[in-house]
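Hi everyone, thanks for coming. I'd like to walk you through one structure today, starting with a pair of helices and then turning to some charged side chains.

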Amino acid sequence: MQEERPVVVLRLGHRPGRDERMTTHVGLTARALGADGVVLAGAGTSQQSTIVDITDRFGGPFDVETTDSPRAYVRDWTGTVAHLTMYGLPIQEVAGDLKAAHEREPLLLVVGAEKVSFDVYENADYNVAVTNQPHSEVASLAVTLDRLFEGRELDREWEEADQIVRPQETGKRVEPVAEGDDEPNE
């Protein structure tokens, strides 16, 4: 989150025709739960505009980048790299280490789509599992960010939003934010 060292999510892989929503949801989950940005690789770069549009409408800051060299991105990252995989060490055992690393330096969270190449496992400082069972990379990302920020991300203030969601018990309420005003129109 903006007051701390950056947390960036790298989305590895993207199966066209299959992962459009999943790649978008990785970006939106990263944004909503406290990451400072997402980097989309390969065919997943096509989802960039959707994530930028949500950030423009509902506020930021949140950076969306693309890369044609995701393995180099991991290898060249200056900071800690945590690869989220079902084959890693349990999150409950390494969450404290991730928090301590994040206090010292930027953190890169890597999530895959298709089979992840072994060099990602080798270049990661941590291979982290949110259970050792098959499930969604979006779920792993959400749990990891919540553990990292200890729930503080849920009360985040959003800057330069055009729209705001008004929480209510039932129904949906989205309002425009008035020009030059931090509060939505009543």
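How close do the axes of helix H1 and helix H6 come, and at what angle do they cross? Before I answer, please keep in mind that this is a predicted model. The axes of H1, residues 20-32, and H6, residues 137-149, come within 9 Å and cross at roughly 5°. Angles under 35 degrees count as roughly parallel, so H1 is roughly parallel to H6.

Now look at who meets whom. H1 brings Met22, His25, Val26, Thr29 and Ala30, and on the H6 side you'll find Glu137, Val138, Leu141, Ala142 and Leu145. Sorted by class, this contact has seven nonpolar residues, two polar ones and one charged.

On to the salt bridges. The structure holds seven of them, and I'll show you a few. Lysine 99 pairs with glutamate 150, with 2.8 Å from N to O. Those two are 51 residues apart and link distant parts of the chain: lysine 99 sits in helix H4, and glutamate 150 lies in the loop between H6 and strand E7. Lysine 99 is partly exposed at 23% relative accessibility, while glutamate 150 is exposed at 54%.

Next, please find glutamate 175. Arginine 166 forms a salt bridge with glutamate 175, the closest N and O atoms being 3.4 Å apart. Arginine 173 also bridges to glutamate 175, here at 2.5 Å. Is glutamate 175 buried or exposed? Its relative accessible area is 8%, so glutamate 175 counts as buried. Both arginines are partly exposed, arginine 166 at 22% and arginine 173 at 34%.

Terms used: Residues are numbered from 1 along each chain as its sequence is written. This is a predicted model: local features need pLDDT of at least 70, side-chain atom pairs count only at pLDDT 80 or more; totals for chains, interfaces and linings use all residues. Side-chain values use heavy atoms; hydrogens and water are left out. Axes are lines fitted to C-alpha atoms, for helices over the stretch in contact, and angles run from 0 to 180 degrees between N-to-C directions. Helices (H or I, at least four residues) and strands (E, at least two) are DSSP runs, numbered from the N terminus. Angles under 35 degrees count as roughly parallel, over 145 as roughly antiparallel, 65 to 115 as roughly perpendicular and the rest as oblique. Contact means heavy atoms within 4.5 Å. Ala, Val, Leu, Ile, Met, Phe, Trp, Tyr, Cys and Pro count as nonpolar, Asp, Glu, Lys and Arg as charged, and the others, Gly among them, as polar. A salt bridge is a side-chain nitrogen of Lys or Arg within 4 Å of a carboxyl oxygen of Asp or Glu. Buried means under 20% relative accessible area, exposed over 50%, partly exposed in between (1.4 Å probe, protein chains only).
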